[in-house]
Each structure stands twice: as C-alpha cells, then as structure tokens.
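Morning, everyone, and thanks for coming. I'd like to take a few minutes to walk you through a structure; please have a look at it first.

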Amino acid sequence: MTTTPAGRRTRNTLLGWSFLLPNLLGFALLTMVPVALLFYYAFTTWDIFGGAEWTGLDNARQLMHDAGFWAAVQNTLYYTVFHIPLTLVVSLGLALLLNKRLRAVAFFRTVAFFPYIASIVAVAQVWNMLFSPGYGPINAVLRAVGVDHPPGWTTSADWSMPAVILVGTWREMGYFMLIFLAGLQTVPGELYEAARVDGANAWQRLWAVTLPCLRPTTFFVVVMLTVNSFKILDLILVMTNGGPGQSTLVLAQYIYRKGFEENQFGYASAVSVVLFLLCFLVTVVQFVVNRRREA
Amino acid sequence: MSRVTRLLGYLALVVASVAVLLPFYWMVVSSLKTNNEVFTVPVKWWPESPQWHNYLDIWTRSDMTRWLGNTVLLSVVVTLLQVLTGSFAAYGFAKVRFPGRDLLFLAYIGTLAVPWQSYMIPQFVLLSKMHLSDTRWSIIAIQAFGALGVFLMKQFYESIPDELLDAARIDGMSEYGIYRRIMLPLSTPALASLALITLVNTWNDFLGPLLYLRSSDLWTIQLGLRTFISQYSAEYALIMTGSVLSVLPIVVIFLLGQRYFVEGVATTGLKG
C-alpha cells in the first residue's frame, strides 16, 4: 500500500471507481446516454426506415401548429391542476388524522398503501367496472341517492378526465400520506404545548404550528405531485387509452403514440423534450427555493 | 381530545377505509361471481354462491402460469442486480473520497427528477440497436440500474460512523472486505427496503414490458392480464380473478415487509 498523499489519491480514485463501475456502466448507458441522445433526436426527422436526418427546428415548428400536441398539453394541465390540490388535501388530511391517538390507526396506515402497490392494470380494470355507466356500482349508488342522469364517466368526453383524476388521487394518496406523516414527526411538541398555553384551539394550532412546520414537506409533495402529473401515462393507457376522442390524451401518451404507434422517433423526441423541460423547470424551482430557505 | 372530535375522527377513518378498500372488495367479490352476477341492479355485494372454480379455470383459460413465471424471474433478477450494484456503488459514493465523486453523484440525483417517459424513445432506439428489444434482457437492463438504489443506500451508509471503518482498515481489512463484512450486514434494513421497493416496481411495471416485450412467451403478468382483458372483455368474473392473482403476491409481500417498505419510502421521499 502506498502512503504518499499522491499515491493514496490514485489508489482511492481507482477504488472509488471500482465500486461505482458495475452500476455506473448500466446507469450511463441506459439513462445518461438516452437523455443526451434525446436532444439530438429532437432535431431530426426519423422513421423506422433509414436513419435520423438533421432537420433543425422543423419539429419545433411543426409542434407549434400540431393540434394533437396542444390538446395533450391542455389535458395534462387539466389533470395537473386538479390532481395536485385534491391529492394534497386528502393525503394531508389523512396524515393529520393518523397522527392522532386513535385505535385502528396502524390498520389504516397499512391499508392506505394498497392502492399504491397494486398493479395499475388490475386497478384500472376494477375502476372501469365501478365507473361502468349502465350497471356499475358507482352510478347505481348515485341513482339511489336521486341523481337521475349520472355521468357516463370513462365513456363520456366530459367525465373521463374527472374519473382518471379520481383514480389517480386514490392511487397516490397513501404514498403522500406517509410522507406527510414522516414530516409531522419533525414538528416539535413544545410548540403545541406553547400554543395550548396561549389558549389556541385545535384549528388555530393547525394553522399557526402544524402547517408552517410542515412547509418543507408540503413543498416537496407539491413538486413530486407536479412531476407525477406531468408524466402520467400508465393510468391513462390502461383506463381510457386517451379517449373518448382526445379527451384524456396526455403529453406522455402523445410521445408514446408518435414514437411507438407511428414510428416517428424524431418528432416523438421533440415532444419528449417538452416533457423533459417542464419537469426540469419544476426541479430548478425546487432547487432555488431550497437554497433560499437554507441561506 | 374531546369525545366529539374522537368520534368524528373515527368516522373519518371509516369513510377513508371504505374509499380505499371498496375497489379491492369489489374485485375479490366479483372474482367469485358468475359473469351475469357482476353487473346487476341493484348491486350485489355478495355472490349468490361463490364460484371458487374461477380460480381453477383461469389457469387453463389463460397463460397465467407463464406470465407469473416470467414476472417472478424478472423481478428476482432485477432486484438482485439493483441491490448488489446499488449498494456497491453507494459504498463508493459514501465512504471513498476521490475527485469527481460529488459531481457524479449530482448526475445520479439529477436524473431522479427526469421522468422515464421523456427518454423512453432514445432508450428504446438504443436497446433496439443492441438487439435487446423483445428479450428479457431489455427489462433487466432498464430496471436494474436506477439511481434510486444508489441514493437510498448512500443515505444509509452515511449514517454509519467512519471510525468503525477506520478500525477495520487498521486491522488490515480491504475496502471490499469492509463492504462485504461490515457494511452489508449492518445495512440489512436498508437493503430490505430497497429490495422490496424494487420488487414491487418490477412486478407492477406495465410500460417497460409494453414497449419491449412483443413475443407472447415473454409477457409478464401485467401485459398478459391486459391482453386477457381485451380478448375476453365479457368474462367479467375471470378478469377479476386474474386481477386478484396479479395483486395478491404483492400484497402478501408488502404485508410481510411493510416496515422496511415504509421506511424506504419515507427516506427517499423526505430527502429526494
């Protein structure tokens, strides 16, 4: 073993790389290289015949006038705008509830995770059956409580997105509940004591102590929810396949269609760059905000 | 807590439990019905006489055995690779100092925020050029080297004091020895978390197999179930039977390893 500083440095470098290499090789080849290639493909025209041909900003120009693309963007935003607040409120509410000393809390904490770990194909199929307009249980219940013309859910262009949003929230709420629960453990107990001494009621304690202390967690959850909403794909594919019409066609599905159904790899990559940049933007905002908080 | 709030709390818990569990209940109950019984007015919350034979029929009516076999194989291989290479790399990141290390780690972390959906096209092109598409290797390749494993294990290794390692070094143990004899045994809980999360992710992955596995003899349970649903769209009961079978193994595994699973999610969640 060498003992000179330079020798140790070389040795450590070799050692370090030897530890990284098995994972890094796979990671570089399968993640880093594709991400880099993406930004090349996005400027090419490419179908399955022949190779990529550099066409500069043609794809970008085509995107600007592509009604399907804009429909997908619009639907993605529709999903995002409703999915985030809904999931946020439900998962935070559940976490606050579970943080109380109630019986059966452990049971619910377990159960709330089931939707998140259950396979999306099975889950989407069950929900499609539950939402079935004619004979499904959901509309049966709605009729029983006096709704004469319950929605057509996934068969109706107006109601398919709300149905998808509901299932998306149902699936993810347990996950974010858990993250909120972990965040709640970091709220110092003395603060509650102090608030109680000052005569604050439960509602005031929530607004003055819990929520401010949870802000980093909430922020993180919002970031995660945003990225999750932007990239939503599997749920859509198995539940509505983008329909009826284009009513639930989302950005990631548009990439899938252009790439794997129409074999336009170049154009699909250009759409991918939009998704990439959207998520990147969210991450940059997160980074800046965290930086400012630490400073 | 006053009696009223306590009561309200329980009420909310009951409502939430019903909302979470009802789809699963419907799935199980429908899997025991006849096709005609699945959709009835009014809704039947219990089968007339449970059709247990659905759980025998599904194996002959579909390729369930093959799908499950493929899924188990892929899940096990991916999990082993992810745990091994992830923890190995994490040791390098957490406990060996060398130039460029932190920059490289930043690249790992950076990609955690990049959704797979945005680079699935170039990744597919790359793997196709390597003639790996439509082989099991494609799924293994795209699933086994994620940044998550490295991140989760590094997080854990950093909580192990350097003094412990220095003591072992003075005793003449090599870095590889330290990783194998000290770090691995100490990190069983984190390894369990990572293994469980990877296993569940691979089992449930629908998009990867959808893109890569064209030959029906390679299909995983998700892909198989999806095809079964579109081919036998009126076989409501059997579809639900297949769904139960696709979810059941994961639920059992989750219940057995819940503690590790939850810890893993909390770690990656809070620090991500």
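Predicted model: local features only at pLDDT ≥ 70, side-chain atom pairs only at ≥ 80, totals over all residues.

Let's start inside. The largest nonpolar core has 159 residues, and the members that touch the most others are A:Leu251, A:Val271 and A:Leu275. Helix H8 of chain A, residues 160-184, gives this core its largest share, 14 residues. So who sits around A:Leu251? Leaving aside residues up to four places away in sequence, A:Leu251 touches A:Ala72, A:Val73, A:Thr76, A:Phe230, A:Val271, A:Val274 and A:Leu275.

Now to where the chains meet. Here 68 residues of chain A are in contact with 72 residues of chain B. On the chain B side, helix H1 of chain B, residues 3-31, supplies the largest share, with 12 residues. What classes of residue make up that side of chain B? There are 52 nonpolar, 16 polar and four charged residues.

Next, the record. An unreviewed UniProt entry annotates "transmembrane region" in chain B, and the stretches include residues 103-125, 137-157 and 178-200. In the model, residues 103-125 of chain B are 87% helix and 0% strand, with the end C-alpha atoms 28 Å apart. For residues 178-200 of chain B, we get 96% helix, 0% strand and 30 Å between the end C-alpha atoms.

Last stop: helix H8 of chain B, residues 147-157, is mostly covered, with nine of its 11 residues buried. Among those buried are B:Phe151, B:Tyr157 and a charged one, B:Lys154.

Key: Residues numbered from 1 in each chain as written. Chains lettered and ligands numbered in written order. Core = buried A, V, L, I, M, F, W, Y, C linked by C-beta atoms within 7 Å. Buried ≥ 20, exposed ≤ 12 C-beta atoms within 10 Å, placed from the backbone. Helix = DSSP H or I, 4+ residues; strand = E, 2+ residues; numbered from the N terminus. Contact = placed C-beta atoms within 7 Å. UniProt positions renumbered as here; feature names shortened; annotations may be inferred.
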